[in-house]
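Colleague: I'm new to reading structures. Could you walk me through this one, step by step?

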Amino acid sequence: MISDAINNEQVEILLNDVLETHGYDFLAYSHASIKRRIIRLYGLDNFVSFAEFRYTVKTDKQYFKRFLEEITVNVTEMFRDPSFYKSLRNDVLPVLGTYPFIRIWVAGCSTGEEAYSLAIVLKELNLLNKSLIYATDINPSVLEKAKRGMFPLNYLKQYSENYLQSGGVKDFSTYYTANYSLAKFDESLNSKMIFSTHNLVSDHSFNEFQLILCRNVLIYFDKELQHKVFNLFDGSIEKLGYLALGSKESLEFWPKAKEYKRVKMEKIWRKL
Amino acid sequence: MAETIDDTPCAALFIGGSAGSLDVLLEIFPALRNDIPFPIVLVVHRKASNESLLTDLLKSRTKLAVSEANEKEFLSPGKVFIAPADYHMLIEQDQSISLDYSEKVNYSRPSIDVTFQSAAEVFKEKLVCILLSGSNADGVEGLKSVNNFKGRVVIQNPYTAIMPYMPQQAVLNVEPHVVLDSHDMADYINNLND
């Protein structure tokens with residue numbers, strides 16, 4: 001990758017185009033990260049000049065779909081950070097189990113691996129039938145993948161190890177059927193999921209939840225946008241509900257953090 | 001080599017390493033002075049599960065403040081920042097840290113290339129990057145960027161590396177400012193701004 005193929009001013013120009021033409025606002029994303037994604041895509045798709053790249057992004061709707069998918073990071077895992085899922089299983093979900101109905105929002109769900117992991121834990125706790133998981137992402141094409149619930153078979157060994165480390169006791173392979181190179185997950189899992197596009201930068205709160213999971217999404221936002229999104233979550237979490245973040249994310253510097261209490265060592269906070 | 005470049009003060013020191021680099025780090029850190037006037041940033045390949053091991057090991061060997069880097073944290077002089085396992089680490093223009101969970105680069109996350117490239121742009125001629133022992137070619141592209149932005153490229157002498165492949169690739173592909181034996185590195189760092 002030629003790391004200086006596009007300069008800071010050109011990144012700015014491109015992101016302004018994207019906002020004006022397509023309505024997606026990436027201007028408050030962490031600069032170094034989004035710049036790297038843009039240069040990576042520019043190289044992958046063999047553009048020869050910034051002008052050509054800019055013109056294509058601006059005018060080619062089909063290409064913009066690809067731009068959106070590649071510019072956002074869609075790397076995710078089932079049962080990523082097993083100790084986190086252990087805490088959900090042991091500390092958080094049993095508390096929510098005392099409610100008549102559980103509403104969960106997986107914000108920035110990407111291709112759905114976290115939503116399916118969560119559904120598996122809910123199922124094992126006999127809570128899935130009274131739960132509803134809202135899985136949202138900025139990006140319509142990853143949601144299509146998430147709906148299908150099919151993940152590359154070669155990752156399943158890792159996922160199965162993660163699952164066991166997170167306190168899972170079943171044979172993980174009972175949750176999917178192998179189909180060529182893909183593992184198709186049991187339909188009982190996504191029968192309790194609602195998939196929808198939602199842009200954390202520009203869209204509003206749409207419901208109240210007892211648990212919001214938003215992991216490794218906020219690291220791509222600048223501080224101001226992070227706080228704006230925390231406010232959005234705050235307005236979407238019931239009293240005594242939970243907010244779960246990625247392993248390197250924190251509520252720490254957000255002014256309202258005092259109104260939340262950390263759950264043990266994990267990146268989970270409870271609204272007081 | 002060019003004396004004039006040596007006069008440029010170092011604003012940040014970045015060190016990248018893979019297999020075999022821990023020994024070098026454990027040799028360097030006890031010998032570092034306590035008043036290092038720039039931040040030191042480490043990008044070391046390791047298993048995601050051994051998260052705090054490296055931090056704990058280094059903490060016990062130096063008086064400098066060592067911590068795993070947090071996202072949005074600002075680099076500051078005299079402190080050691082370690083790229084967290086399983087994240088790429090980038091440096092913003094305001095010298096704050098961004099973390100990124102995107103695809104692995106050179107089969108690695110954190111990737112040395114990713115961090116060196118972003119640091120090269122921020123610190124330009126005031127950057128010093130050291131590449132240590134390792135068995136893949138991560139870091140080479142990063143060092144090229146450092147050169148392009150007139151920063152200083154330092155490579156561990158492959159003959160003193162437990163895994164020579166990484167420094168070898170670097171020496172073959174990038175013009176180094178200096179090639180150092182592992183036991184000369186602490187001195188080099190201590191004298192960077194004198």
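Modeller: Gladly! Let's begin with a term: two strands pair if DSSP finds at least two bridges between them. Keep in mind that this is a predicted model.

Colleague: Which residue in E8(A) is the bridge partner of Leu211(A)?

Modeller: Leu211(A) has Tyr242(A) as its bridge partner in E8(A). Strand E7 (residues 209-214) and strand E8 (residues 237-245) of chain A pair over five bridges, in the parallel sense.

Colleague: In what order do the strands of the open sheet in chain A come?

Modeller: Seven strands of chain A make up this open sheet, ordered E6-E2-E1-E7-E8-E10-E9, with mixed pairing. At the edges stand strand E6 (193-197) and strand E9 (260-262) of chain A; each has a single partner strand, so one side of each lacks a neighbour in the sheet. On average, neighbouring strands are turned by 20° against each other, direction ignored.

Colleague: Which strands of chain A does helix H6 touch?

Modeller: Helix H6 (residues 113-124) of chain A packs on the sheet and touches strand E1 (102-107), strand E2 (131-137), E6 and E7. The direction of H6 makes about 170° with that of E2(A).

Colleague: How do I judge the overall form of chain A?

Modeller: Compare the radius of gyration with a rule: a compact globule of 272 residues would have one near 19 Å, and chain A agrees because its value is 19 Å. Of those 272 residues, 43% count as buried.

Colleague: How many residues of chain B are in contact with chain A?

Modeller: In chain B, 20 residues are in contact with 15 residues of chain A. This side of chain B has six nonpolar, eight polar and six charged residues.

Conventions:
Residues are numbered from 1 along each chain as its sequence is written. Chains are lettered from A and ligands numbered from 1 in the order in which they are written. This is a predicted model: local features need pLDDT of at least 70, side-chain atom pairs count only at pLDDT 80 or more; totals for chains, interfaces and linings use all residues. Two residues are in contact if their C-beta atoms, placed from the backbone, lie within 7 Å. Ala, Val, Leu, Ile, Met, Phe, Trp, Tyr, Cys and Pro count as nonpolar, Asp, Glu, Lys and Arg as charged, and the others, Gly among them, as polar. The radius of gyration is taken over C-alpha atoms; the globule rule is 2.2 Å times the number of residues to the power 0.38. A residue is buried if 20 or more other C-beta atoms lie within 10 Å of its own, exposed if 12 or fewer, and partly exposed in between; C-beta atoms are placed from the backbone. Helices (H or I, at least four residues) and strands (E, at least two) are DSSP runs, numbered from the N terminus. Axes are lines fitted to C-alpha atoms, for helices over the stretch in contact, and angles run from 0 to 180 degrees between N-to-C directions.
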